[in-house]
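Me: I'd like to learn how to read a few features of a protein model. Could you take me through them one by one?

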Amino acid sequence: MTDTDTTDFAVVVFREESKWETELLPVALSEDLDGLIHALRQMPGIGGTIGLVAVGDDFFVAIRVLGGEVLVFLSDVTASLDWPLARQVLEYLDIDLPDEDDDLDQVLPVGDMSIFADLGLDEMELGAISGDLDAYPDEMLLAIGEKLGFAIPLERALDSLV
């Protein structure tokens, strides 16, 4: 059973008339990858839509829907041992679950590391953001938003959660 509290959130980010927009999605989507992808496909957006999900203090998922293509990024593979959404991401990416007996003290991102490369955030920067052990998932997502230009609308959306 997961602990869905106020730190769990799902947000869609999209461009409309050359301006970034954000909308909160139902928190239930923070546990349902297929539902999240379906919701992202329903949103307008020049250049596709971006879904950002933070789960607890543990990890985040970024999804980008570009036409028929779906790009998925998970900030920490070890989250799949405890969280349904992270397990669903690994299944979607056809990646085996990590073995619980392995030394899992390292944060290892998986998925499409170049998910935002065309928007100005390369693989190295995304890896550095997701590997920051001192940052919470919402802070990591705000750092991504800062780099891509949607930090202010994202911050407004997150402020409305409180």
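Me: Which residues lie nearest the centre of the second largest pocket?

Reply: Happy to start there. This is a predicted model, in which local features need pLDDT of at least 70, side-chain atom pairs count only at pLDDT 80 or more, and totals for chains, interfaces and linings use all residues. Residues are numbered from 1 along each chain as its sequence is written, and side-chain values use heavy atoms, with hydrogens and water left out. Rolling a probe the size of a water molecule over the atoms shows where empty space is left. A pocket is an open set of points on a 1 Å grid over the protein atoms alone where a 1.4 Å probe fits, with protein on both sides within 12 Å along at least five of seven lines; lining residues have an atom within 4 Å of a point. Here 16 residues line the second largest pocket, and Asp 57, Asp 58, Phe 59, Asp 76 and Val 107 lie nearest its centre.

Me: How is the lining of the second largest pocket divided into nonpolar, polar and charged residues?

Reply: Ala, Val, Leu, Ile, Met, Phe, Trp, Tyr, Cys and Pro count as nonpolar, Asp, Glu, Lys and Arg as charged, and the others, Gly among them, as polar. That gives 8 nonpolar, 3 polar and 5 charged residues in this lining.

Me: At what angle do the axes of helix H1 and helix H2 cross?

Reply: Helices are DSSP runs of H or I with at least four residues, strands are runs of E with at least two, and both are numbered from the N terminus. Axes are lines fitted to C-alpha atoms, for helices over the stretch in contact, with angles from 0 to 180 degrees between N-to-C directions. H1 (residues 33-41) and H2 (residues 84-93) cross at roughly 75 degrees, their axes coming within 9 Å. H1 is therefore roughly perpendicular to H2 (65 to 115 degrees; under 35 is roughly parallel, over 145 roughly antiparallel, the rest oblique). With contact meaning heavy atoms within 4.5 Å, Leu 33, Asp 34 and Ile 37 in H1 meet Leu 85, Gln 88, Val 89 and Tyr 92 in H2.

Me: How many helices and strands are there?

Reply: The protein has 5 helices and 6 strands, in the order β-β-α-β-β-β-α-β-α-α-α along the sequence.
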